[in-house]
Amino acid sequence: MPAFSCAFPGCRRDLLVIVLVVFVGIGLPIEASAPAYQSHGTEGSYLTNVTNTKKAFPVLAVNYKHVRQPFEIALWILLALLMKLGFHLIPRLSGVVPESCLLIVVGLLVGGLIKVIGEEPPVLDSQLFFLCLLPPIILDAGYFLPIRPFTENVGTILVFAVIGTLWNTFFMGGLLYALCQIESVGLGGVDLLACLLFGSIVSAVDPVAVLAVFEEIHINELVHILVFGESLLNDAVTVVLYNLFEEFAKVGTVTVLDVFLGVVCFFVVSLGGVLVGAIYGFLAAFTSRFTSHTRVIEPLFVFLYSYMAYLSSEMFHLSGIMALIVCGVVMRPYVEANISHKSYTTIKYFLKMWSSVSETLIFIFLGVSTVAGPHAWNWTFVITTVILCLVSRVLGVIGLTFIINKFRIVKLTKKDQFIVAYGGLRGAIAFSLGYLLSNRHQMRNLFLTAIITVIFFTVFVQGMTIRPLVELLAVKKKKESKPSINEEIHTEFLNHLLTGVEGVCGHYGHYHWKEKLNRFNKTYVKRWLIAGENFKEPELIAFYRKMELKQAIMMVESGQLPSALPSTISMQNIQPRAIPRVSKKREEEIRRILRSNLQNNKQKMRSRSYSRHTLFDADEEDNVSEVRLRKTKMEMERRVSVMERRMSHYLTVPANRESPRPGVRRVRFESDNQVFSADSVPTVHFEQPSPPSTPDAVSLEEEVPKRPSLEADIEGPRGNASDNHQGELDYQRLARCLSDPGPNKDKEEDDPFMSC
Amino acid sequence: MGASQSAGTEHEFQDMADRTGFSLEQIGNINKRFRQLSNNEETLSREDLASIPALDNNPIRAQIINAFFDKRNLHQNETGTVQEIGFEEFLMVMTHFRPAAMGLTEEERENLRREKLRFLFNMHDTDSDGTINLEEYRRVVEELLSKAGTIGQETAKAIADAAMLEVASTTRGKMEPDEFYEGITFENFLQILNTFDIETRMHVRFLNMDTATLRCGKSK
């Protein structure tokens, strides 16, 4: 057994190495010899008519210059991803060493390789970093930011971000200046402002590194959000301090006015960033209200508006990161209420994909830049920097926590403080900022070297040891809990309860304002930003539907009934005995009706083969399990009234809807997901005691023709005159839950099932 | 802490402080609020609580008010409700919303959880029979969704049923088709809310007055 398992990844590993070597081997020489081809290519074709020598028609020619840049970019990204792939094939390694470390090592190796060949290894261009590599990571973080823990701890996070970073900067800058004053170090030329500038660069906790490391240790929610939130919000402070000290270093002197302006600048930068982000967020939400006809481009709106927010705020030297975060947070609830399920999945996966690629590239480039960059090594300075980083972080966290705990209800324990302090990793942002330093600063190379050393230290040493330390200290881990409807109910309940009790106490506290914000949101904001009537839907219902949908999809993927309820617990176990169950006779009757409807239906469906419409396949009807039948029956009975309304809606409201053939939509979804009913499949085996009136042949027939009417002729005008509005509402809600893009636009996996 | 309190009441307050774990200052503040709500009378009635404007938009308003008059929450081993409560009973109900202090032992933390969850359970179990049956749970969800219009009412039933089913599956596992699941007992309740960190969530900030008073929290 062990031999086999070793052989397999070993084979893969060898293969991978071979592939890698091939790639690198091809790529690098091509780059190196590009100039040679260049000369051949340009001169040859344009000068032949002058020289009159007839060349043979080039059947096969190489023109590398033409594709050089995209080729290199693609090659780098491919290399990065292959590396990432490789790591995960080696199980023990990825368990011990965090991915970021491995990637840096790979970068070092590649950089070394390039240098050996004689080429100049590329350095992590700050422009590339800030404009292309960083935004996806931040957007991913901001869009999926867990709001509740964030808002509950926002005070603490802000204190750590602002005051903590300030403390770090001044403590480190000051002590390093003092160090430079010492004769023996030999760094007399460094003045205070330069040291403070260096301090500001190196003191900020880096979101990329934090994300990369914390993702793997699954720490509890509170500590995670504290460190992570801090790394995001300290960007404003870093931007201000960096620009401030750069300016001052140019001038050389600092006046009180300058300091005052600096403080004002901080507020402008952070609040300005927030404002820009919020504006773009609302724009995105508003736009998404109208995208019901063009579902395919919905994800693009999300990405582009966010990127515009980032670029706009960078343009004004505001905090781009904060803009991006706020944009993501603001637009998310509204956009998610408007877009289709597929768009939501697309957004999620694209964000994850881009941020993953970015992160990988950043770390690899960090390694390569280390090999490439100009270095000036000074033992004392560098070692002191590293030590001071640690010390100032620890002192800062302890001191601030002492003050913060006076105001917190849930105090931060010593363990929490330790993880917060230890998790303050530095990363690529510090490097890029250092790289941006103009060459005016004599100490630039020294600073860069020190920054890289600090980054290496935090990522390697702290990153690698944090996991065993977390285990050792038995820090609370994240609770992996499935979404449970009971918890959701009680969350809502508790919110209202606490708001109420606060009201009784006469205290305008946290819950009171949250409630006020919710109400404001519901009455004014949602009305404008959410399409259709969805804005009225309370959270609990949305959650329930999402859960149903998820379980339906899960059921489909497993190809059978949900295994979540392996037992035969169904409604009959819960319903009080007093209410009689459906009699056997009734069941037979219903079965008969179903079968007859199926016959009618099957003729229509004959030309289209839906392999999974087992419900309405008369042949398979007998094979349908008891439970399935019950479920479907209950589904129908439950939805009868809703169906009626919807029916009338179809018949009376013409192509004002997204699709001119609503029946098609419905069917396509079914063929997608092998769902048996037109709506979200209930996982609950409903056995409702049938109210005597409803399951008539009429209502069942209404249910049936809705599905496969591809020719848009909805059979049987049995539309009862109920309000279209309600039907529209249900339709909208349904469409939102189960929706797909417009019928003509995407023909992805539906083609095998539909020959339209 | 005001001029209106005599030495006698201060002694009582100290007594209460020892029993409930509040500080003297907190009890003083709660007392002020009590007097405000009850119009300076000795007892608080339902109408007094019902007239609080902040509760108007609360969907579970009735349940909250009932909770104050529920004997089970008053640390008495009786069931049923009372018509009026005095300050001591008011304080008793408020003890359920104390935050978790630092440095609790595992057992103390567990007790705190049980106490708070018991409060919630009592709010759901309106007929005081020790179990939450389907009807009661349905009513809970309906009340929660009462502001959501007709859609709310339809799905409320479905949601309550699904939730009940979830409880049954988690706590009982397999059941024969003709077995009947009577309702959620308190132990089941504890089980399903196992991952719900109620000791950190169920508290009212107002009661944390042992720091610089950020807000006195009185609505004048």
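**Rings and helices**

Tutor: At 34% relative accessibility, A:F71 counts as partly exposed, a class that lies between buried (under 20% relative accessible area) and exposed (over 50%), with a 1.4 Å probe and protein chains only. Before we go on: this is a predicted model, where local features need pLDDT of at least 70 and side-chain atom pairs count only at pLDDT 80 or more, while totals for chains, interfaces and linings use all residues. Residues are numbered from 1 along each chain as its sequence is written, chains are lettered from A and ligands numbered from 1 in the order written, and side-chain values use heavy atoms, leaving out hydrogens and water.

Student: What kind of pair do A:Y64 and A:F71 make?
Tutor: Phe, Tyr and Trp rings (six-membered ring for Trp) pair if their centres lie within 6.5 Å; planes under 30 degrees apart are stacked, over 60 edge-to-face, and the rest tilted. The search of the whole structure turns up 26 aromatic pairs over all chains. Here the ring centres of A:Y64 and A:F71 are 5.7 Å apart with planes at 80°, so the pair is edge-to-face.

Student: Is A:Y64 buried or exposed?
Tutor: Its relative accessibility is 7%. That makes A:Y64 buried.

Student: Which ring does the charged end of A:R332 sit over?
Tutor: The test is NZ of Lys or CZ of Arg within 6 Å of the ring centre and within 35 degrees of the ring normal. For A:R332 the distance to the centre is 5.6 Å, and the ring belongs to A:Y143.

Student: Where is A:F245, and which residues is A:F245 in contact with, leaving aside neighbours within four places in sequence?
Tutor: A:F245 is in helix 10 (residues 221-251) of chain A; helices are DSSP runs (H or I, at least four residues), numbered from the N terminus. At 5% relative accessibility A:F245 is buried. Its contacts (heavy atoms within 4.5 Å) are A:T169, A:F170, A:L193, A:L196, A:L197 and A:S200.

Student: How are helix 16 of chain A and helix 18 of chain A oriented to each other?
Tutor: Axes are lines fitted to C-alpha atoms, for helices over the stretch in contact, with angles from 0 to 180 degrees between N-to-C directions. Helix 16 (residues 414-422) and helix 18 (residues 444-473) of chain A have axes that come within 11 Å and cross at roughly 170°. Under 35 degrees counts as roughly parallel, over 145 as roughly antiparallel, 65 to 115 as roughly perpendicular and the rest as oblique. Helix 16 and helix 18 of chain A are therefore roughly antiparallel.

Definitions and conventions: Helix = DSSP H or I, 4+ residues; strand = E, 2+ residues; numbered from the N terminus.
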